[in-house]
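Here is a short briefing to read with the model open beside you.

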Amino acid sequence: MATQVPMSVEELKQMAVTIRCDIIEMIAKAQAGHPGGSLSAADVVTALYFRIMRLDPENPDWPDRDRFILSKGHACPVWYAALAERGYFDKSHLGTLRRLNSILQGHPDMRKTPGIDMTAGSLGQGMSAGLGMALSGKLRKKDYHVWVIIGDGEMQEGAIWESAMAAAKWKLDNLTYILDRNHLQNDYCVDTEMPIEPVADKWRAFNWNVMEIDGHDMEQIVEALETAKTIKGRPTIIIAETVKGKGVSYMENVAEWHGKAPCQEEAEQALVEIRECAP
Amino acid sequence: MNENKYHHVRPEVIPLLASGELFTKAEQQATRYSYAEAIIELGERNPDVVVLNADVSKSVHTNKFAEKFPEREFNFGVAEQNMMAAAAGMATTGLIPYATTYAVFASMRALDQVRNSIHYPRLNVKIAASHGGITPGPDGPTHQGQEDLSLIRAIAHSTIVAGADSPTVKLATWAAAEYEGPVYLSFTRDPVPILFDLDYPFEIGKAVTIRDGTDATIIAIRDMVSQSLVAAAQLAEKGLDVRVIDCHTLKPIDVEAIVQAAKETGAIVTAESNIKFGGLGGAVAEVLVENYPVPMKRIAMRDSFAESGQYLEIVKKYGMSADHIADAVREVIARKG
């Protein structure tokens, strides 16, 4: 059944619930993966795939499509779920995450998965790839937009700042980063392990247009993403304040759920809690 | 008598080999400049070609491409990691980026990007690396890319081409554009003799026999091809008939040419200004061990960093000169038994 897009905010909220359930189910089945950062990015990814981006799931390599890169590639379950729900491939593949011969690798592989625009996984690279795509769009006078989600732990990678300088130099208003500001990284809290504040000021100082939103408020997300497309003359970063593990009580704000799979019992509880949040 | 043993070597170069005057009297050019010339010609005929720089465009002369095609040149400043991953992103849209920097930065500073963003997805990025081996003599070890061939060779899907002189570097630059997937191109910072012409039969993956011989074979790459020709010419004066192969493509290595040389000449010497581990010597040894073991010796940068000095002084001090290659040939011939 073809999904009707663009979705209304209410429909997006419902789709985000579906995608969160997919995330839990696929990670629980794989018994490996990264639930925390997948759940924190779920609302933004849902808005992009079901309302904002110009896409054709029947033609994943369409040259004029908007591009999406999950620079924090470990959160790929959210990307796979969105692609499956959007019709890029059959949902049955979600059950093969991280298994031998699967099209769904542990980190995104553009050569294996339809709809994956860039291989990612080693942090601090996807945003530069997005910058290259945006430069190419300018050179060829294409009007596609490039969307890149970066992590707040990832902001510790020096190459992030190389890309920040370059995107401002080339005035890439066809490039938007979304910072999934969930405050946790693999080991500890971002702000104690290696503080990145003042985040917004840093990006402003690099001459970016900066927006700050609640990354779980669908109305704010949609408005920010739509506004980002209209900004001219400089790149935009949307700092999305999020909760790692959002929607699952025992995962929320707990660093250990960065890269741990729930057992069957935990997964069932998670699914109940997520569905309770449905609009 | 010896002249008809040579293939594709410029006639005016041949008399300079045995006399030892190759490095003083032959026309020379740093191959980085030849790349810069080639990329302009390529840019004229292929609108998809773009050049990415990282603050060494005035050194490599890719600033000339920028003057000619300002919209198709992107200077990333001193930020090689961003440049390499951006090149990958550009390649996904059908552009053919030539990401240009020095070998040490291309193969080490940005190695993670080169591996994960370029080679793993097999994106059509050409990595143009000047200052290969110990060729930036006076700059010293921080700028001498003596490990790049080994490091890039270890990456899956990598293709590595290191032309011996300016014409073959031009041919390599053009061939890379026709070759789908990542290609690592290596150039010299310092001048090297112009040995060949543009009618050289250049094909990625195909080594070229540039001197016939039956007593042993020298397999050489990049700047060591000229040293190897001199070594063979000097050995010929002593009655030894040595084949020389320009192994410009390190990967995929030309297994057939190596095995044939082993069968027909019975002894092999490799010559490179890369570190002794994992470069040409390693690649040839792997082929021989699994196919046709014969006595072999590797001329390469020993387990050491070099130092500042004139390029040819370093070649000599660190054991990679024509004399060292000739000694190694005598040794492997003696071991043939």
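What follows covers the cores, the contact between the chains, a helix, a histidine, backbone features and salt bridges.

This is a predicted model, in which local features need pLDDT of at least 70 and side-chain atom pairs count only at pLDDT 80 or more, while totals for chains, interfaces and linings use all residues. Residues are numbered from 1 along each chain as its sequence is written, chains are lettered from A and ligands numbered from 1 in the order in which they are written, and side-chain values use heavy atoms, with hydrogens and water left out.

**Nonpolar cores**

- A nonpolar core here is a set of buried Ala, Val, Leu, Ile, Met, Phe, Trp, Tyr and Cys residues joined through side-chain atoms within 4.5 Å; buried means under 20% relative accessible area, exposed over 50%, and partly exposed in between, with a 1.4 Å probe and protein chains only.
- The largest nonpolar core has 150 residues, and those touching the most other members are Leu48(A), Tyr49(A), Phe68(A), Ile150(A), Leu175(A) and Trp203(A).
- Helix α1 (residues 9-30) of chain A gives this core its largest share, 13 residues; helices (H or I, at least four residues) and strands (E, at least two) are DSSP runs numbered from the N terminus.

**Where the chains meet**

- Chain B brings 28 residues to the contact and chain A brings 27 residues.
- About 2,200 Å² is buried between chain B and chain A, with carbon and sulfur atoms giving 56%; buried area is the accessible area (1.4 Å probe) that two parts lose on being put together, summed over both.
- Asn82(B), Thr93(B) and Tyr120(B) account for 24% of the area that chain B buries against chain A, more than any other three residues.
- One salt bridge is counted between the two chains, the term meaning a side-chain nitrogen of Lys or Arg within 4 Å of a carboxyl oxygen of Asp or Glu.
- Arg140(A) and Asp48(B) pair their side chains in a salt bridge, at 2.8 Å from N to O.
- On the side of chain B that touches chain A, the elements giving two or more residues are β3 (73-75), α6 (80-92) and α8 (111-119) of chain B, and α6(B) gives the most, with nine residues.

**Helix α12 of chain B**

- Helix α12 (residues 255-265) of chain B has these buried residues: Ala257(B), Ile258(B), Val259(B), Ala261(B), Ala262(B) and Thr265(B).
- The cover over them includes β10 (216-220), β11 (242-246), β13 (268-275) and α13 (280-291) of chain B.

**A buried histidine in chain A**

- His74(A) sits in the loop between β1 (67-70) and α4 (76-86) of chain A, and counts as buried because its relative accessibility is 13%.
- Leaving out residues up to four places away in sequence, His74(A) touches His34(A), His107(A), Leu123(A) and His258(A).

**Backbone features**

- Most residues other than glycine have a negative phi, and most peptide bonds are trans.
- The bond from Val5(A) to Pro6(A) is cis, with omega near -5°, and Pro6(A) lies in the segment before α1 of chain A.
- Another cis peptide bond runs from Lys251(B) to Pro252(B), with omega near 0°; Pro252(B) is in the loop between β12 (249-251) and α12 of chain B.
- Lys171(A) is not a glycine, yet has a positive phi of about 50°, and lies in the loop between α6 (158-169) and β3 (175-181) of chain A.

**Salt bridges within the chains**

- Over all chains, the structure holds 35 salt bridges.
- Glu10(A) and Lys13(A) form a salt bridge, with their closest N and O atoms 3.2 Å apart; both lie in helix α1 of chain A, three residues apart, about one turn of the helix.
- Glu85(A) pairs with Lys91(A) in a salt bridge, the closest N and O atoms being 2.7 Å apart; Glu85(A) is buried at 13% relative accessible area, whereas Lys91(A) is partly exposed at 38%.
- Glu21(B) and Lys25(B) meet in a salt bridge at 2.8 Å, N to O, and Lys25(B) is exposed, with a relative accessible area of 57%.
- Asp152(A), Arg181(A), Asp191(A) and Glu197(A) are joined into one network by salt bridges that share partners.

Technical notes
Contact means heavy atoms within 4.5 Å.
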